[in-house]
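My notes follow in the order of the look-ups.

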Amino acid sequence: LGLDDEHSGYESSAALILPIPYEGTVSYGQGTREGPRAIIEASRQVELYDRELDDEPALSYGIHTLPAIAPVVSGPAAMVDAIAAYAEEQLRTGKLLVGLGGEHTVSAGIARAVQALHGNFVMVQIDAHSNLRDEYEGSPYSHASVARRVFDQGMTVAQFGIRSICREEIDLIRAEPERLRVWFAEDVQAGGHLPALAELVRGKNVFLTIDLDGFDPALVGATGTPEPNGLSWNQGLEIIRTVAREARVVAIDCVELAPLPGQHASDFLAAKLVYKAIGLALASRK
């Protein structure tokens, strides 16, 4: 956000940005390792004043950007271990942790850290894909398995915007309706999902994970697996608002931006979305 030292110091900031430029299991378009850098660069163009909140959250709460986590080349399992250890250390400060991916695999590490510190939580996931395969291309820590890993931790997973799914995933969703709550893209577009979401997360700790391919590719074209018929900006924000109002958001991440040279609209949307989510989450805590 281009903040001065007064509003971005580690001790005085209520939110911590953690860049995680990891790209180890992508299966279609490449480039997510450049996502954190692109989001941070675009954030310098985001206005600090939020009209909805009538506030400049960055100046009111402080936002500090941590050094990026270096990719672990030995494999995704080791990378998830590294993310989990560092994320847990930062979560113990009580600050809001905000990861910037990188591919969706990084969320498995953050989720593990959230459980270590807070116990049970709900993962609210905006995504085009369920990511509930037990493994993909030989890896249980593929980006296509991240929600399955969180489910296997015993957590409840609530998904919004899903429109690409395999037989294995749909069978699991049908078998586990209590802990796997899925609103497909057409469900969100039909409306009525927000009261159910509010009831699901009310009073609970939430890890909010935002895969940018959950949005329609007309809004976010710079992602490895763009799927038609995605969420609008307002639909995505209504989900985030509901979670921030009803629950305690302890961690957020935004993943799967694969920036395209000369096309910065996706980068800017991601930066503005992350800032908006931080503002809503911290205002709710206040």
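I counted rings of Phe, Tyr and Trp, taking the six-membered ring of Trp, as a pair if their centres lie within 6.5 Å. The model I worked on is predicted.

**Aromatic pairs**

How many aromatic pairs does a search of the whole structure find? I noted 1. The partners are Phe160 and Trp183, with ring centres 4.7 Å apart and 0° between the planes. Phe160 belongs to strand S5 (residues 156–162) and Trp183 to strand S6, so I looked at the separation: the two are 23 residues apart, and the pair links distant parts of the chain.

**Charges over rings**

Next I looked for charged ends over aromatic rings. Arg179 lies over the face of Phe151, 3.9 Å from the ring centre. I also found the charged end of Lys95 over the ring of Tyr10, at 5.6 Å from its centre.

**Helix H6**

I then turned to H6, which covers residues 167–175. Which of its residues are buried? I listed Glu169, Ile170, Leu172 and Ile173. Seen down the axis of H6, the buried residues fall within an arc of 160°, so they line one face of the helix. On the other side of H6 I recorded Arg167, Arg174 and Ala175 as exposed. What do the buried residues of H6 pack against? I found helix H5 (146–152) and strand S6 (180–184). Strand S6 was already in my notes, as the strand that holds Trp183.

Notes
Residues numbered from 1 in each chain as written. Predicted model: local features only at pLDDT ≥ 70, side-chain atom pairs only at ≥ 80, totals over all residues. Heavy atoms only, no water. Buried < 20%, exposed > 50% of the residue type's maximum accessible area, 1.4 Å probe, protein only. Helix = DSSP H or I, 4+ residues; strand = E, 2+ residues; numbered from the N terminus. Arc of directions from axis to C-beta. Contact = heavy atoms within 4.5 Å. Phe/Tyr/Trp six-rings, centres within 6.5 Å; stacked < 30°, edge-to-face > 60°. Lys NZ or Arg CZ within 6 Å of the ring centre and 35° of its normal.
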